[in-house]
Amino acid sequence: MRSTLAHHDKRLNTSGRGGSRSVEGVELTAAVPARPDGVNWEIRSYARRGTRLNARQQESWDRHATRWVVAPETQTAPGFRLPDVFERPGPLIIEIGLGVGEALVSLATSRPEANVLGFEVWAPGVAQCLNGLSRTDARNVRLSTLDAAWCLDNLLEPASITELWTFFPDPWPKARHHKRRLVNRRFAALAASRLVPGGSWRLATDWPDYADQMREVLDSEPLLRGGVTERFADRPLTRFERRGLAAGRSIVDLTYTRPAEAASPESQALSAQAYSDRNCSMATRLPPCSLADSSKHSAS
Ligand SMILES: C[S@@+](CC[C@H](N)C(=O)[O-])C[C@H]1O[C@@H](n2cnc3c(N)ncnc32)[C@H](O)[C@@H]1O
C-alpha cells in the first residue's frame, strides 16, 4: 500500500476560501471557522519540494510510520492536543524542520526522559528520519507532517514546551521572500508564549542576514532573553550545515530563554498583542498548511 505524505496531503483539502474544508471527506467547517475577515491564506515558511519517496524511503515509511508519525487527520480532529500522543508525560522538546532527522534521532536517544516531537512537511525527510529512528527503538519520539506554526498555535497550550529547536530554517535569501522566514515577530511571540518559564529556544543559521533578523526579532520579544551563543554541543553536523560551511558561510548559534521568574503582566500582554496583531492570525483554527504550495523552493 502506498501511504506517502503526498497521499495524505491530497486528502487534506485546505483550499477553500472560508468555505467547507474536509479531511478524508469529514467536514471540518464547524471546528474550523473561517476567518472573520474572509481572508484564508497564510505565508508559509516552507516550499513544496518533491513528495515522491524512493523505494528505500517508501519501505521505511510503510514499516515505521504508524509507530512514530501522528496521522494528519488525527491532529485536525476537534479537541486533539499534541502532548497526548506520547506514552507518558514528560518535558516536551520540539524540533521544527527536522530535515532528514539527523539532530532529532541523536537527541531522542540522549534525552530519554523527554518527549521529543519533530515537525517536517517534507515527506522524503520524514521517511529518512523514520529509518534512523528504527535503529534506536526510541519510544519518546513522535513526528508531525503538518505546519509547525499552525500546530503550535492550535494544538499546544501556552507554557508547554521545555525546549524548542530551529536549526537551519529555510533562509529564503531573496529579499522578496524574507516575509516567508519562520523566525519573524509574529512567530516569535507565538513560540515564546509556548515555552515554559525557564524553557529555551535554540536556533542556528548559516545566513548572516537571517542571524541578524533572528537577533532583532528575538531581542524585541518581551518574553525572551538571550543572544548569540557557543555552538550547542548536542547539535550534530547536518547536511544543511555542511552545505553552508562548504559554501564558505559561518554558522551562528543563538539561544533565547523565557525567564523562570514570571514576566510582568504588561510584557505578557504586549507579547500576546504582538501575536494577535499580525494579520492572518491562526488563532481562528484555520486548517493546517499541507504540501499544496506549488512555489519553487528557493532555500539553500
Ligand atoms: C533548510 S532545512 C533544515 C533541516 C535540518 N534542520 C538540518 O539542519 O539539516 C529546513 C526544513 O524545515 C522545514 N520546514 C520549514 N517550515 C516548516 C514548518 N512551518 N513546519 C514544518 N516544517 C517546516 C522544511 O521543509 C525544511 O525541510
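What share of the contacts in the protein chain with a separation of 6 or more do residues 24 or more positions apart account for? The share is 82%, where a contact means two C-beta atoms, placed from the backbone, within 7 Å.

1. Basis. This is a predicted model, in which local features need pLDDT of at least 70, side-chain atom pairs count only at pLDDT 80 or more, and totals for chains, interfaces and linings use all residues. Residues are numbered from 1 along each chain as its sequence is written.

2. Overall make-up. The protein chain has 10 helices and 11 strands. Both are DSSP runs numbered from the N terminus: H or I of at least four residues for helices, E of at least two for strands. Of the 300 residues in the chain, 43% are buried. Buried here means 20 or more other C-beta atoms within 10 Å of the residue's own; exposed means 12 or fewer, and partly exposed is in between, with C-beta atoms placed from the backbone.

3. Core. The largest nonpolar core holds 67 residues. A core of this kind is a set of buried Ala, Val, Leu, Ile, Met, Phe, Trp, Tyr and Cys residues joined through C-beta atoms within 7 Å. The members that touch the most others are Ile94, Leu104, Val126, Cys129, Leu130, Cys151 and Ala191. Leu130 has contacts with Ser60, Trp61, His64, Ala65 and Trp68, leaving aside its neighbours within four places in sequence.

4. Ligand shell. The shell around the ligand has 24 residues, and Tyr46, Gly97, Gly99, Ala148 and Thr238 come nearest. A residue is near if its C-beta atom, placed from the backbone, lies within 6 Å of the molecule. Two elements give two or more residues to this shell: α6 (148-155) and α9 (239-246). The largest share, three residues, comes from α9. By class, the shell has 14 nonpolar, five polar and five charged residues. Ala, Val, Leu, Ile, Met, Phe, Trp, Tyr, Cys and Pro count as nonpolar, Asp, Glu, Lys and Arg as charged, and the others, Gly among them, as polar.

5. Helices α2 and α5. How do they pack, and at what angle? Helix α2 (residues 55-68) and α5 pack at about 70°, with axes 8 Å apart. Axes are lines fitted to C-alpha atoms, for helices over the stretch in contact, and angles run from 0 to 180 degrees between N-to-C directions. The two helices are therefore roughly perpendicular, a label for angles of 65 to 115 degrees. On the α2 side, the contact uses Gln57, Ser60, Trp61, His64, Ala65 and Trp68. On the α5 side, Pro124, Ala127, Gln128, Leu130, Asn131, Leu133 and Ser134 meet them. Seven of the residues in this contact are nonpolar, six are polar and none is charged.

6. Helix α4. In α4 (residues 102-110), the buried residues are Glu102, Ala103, Leu104, Val105, Leu107 and Ala108. They pack against β5 (92-96), β6 (115-119), α5 (123-134), β7 (141-144) and β8 (161-167).

7. Ala108. This residue sits in helix α4. Ala108 counts as buried because 25 C-beta neighbours lie inside 10 Å. Leaving aside neighbours within four places in sequence, Ala108 is in contact with Val116, Thr136, Ala138, Asn140 and Val141. Ala108 and Asn140 are 32 residues apart in sequence, yet 6.9 Å apart in space, C-alpha to C-alpha.

8. Pro112. The loop between α4 and β6 holds Pro112. Pro112 counts as exposed because 11 C-beta neighbours lie inside 10 Å. From Pro112 to Val141 is 29 residues in sequence and 9.3 Å in space, C-alpha to C-alpha.

9. Positive phi. Two residues other than glycine deserve a look. Asp137 has phi near 65° and lies in the loop between α5 and β7. Asp137 is exposed, with 8 other C-beta atoms within 10 Å. Ala159 has phi near 55° and lies in the loop between α6 and β8. Ala159 is partly exposed, with 14 C-beta neighbours inside 10 Å.

10. Pro83. Its place is the loop between α3 (72-75) and β5. Pro83 is partly exposed, with 16 other C-beta atoms within 10 Å. Leaving aside neighbours within four places in sequence, Pro83 is in contact with Leu92 and Ser160. Pro83 and Ser160 are 77 residues apart in sequence and 8.7 Å apart in space, C-alpha to C-alpha.

Note on methods:
Parallel < 35°, antiparallel > 145°, perpendicular 65-115°, else oblique.
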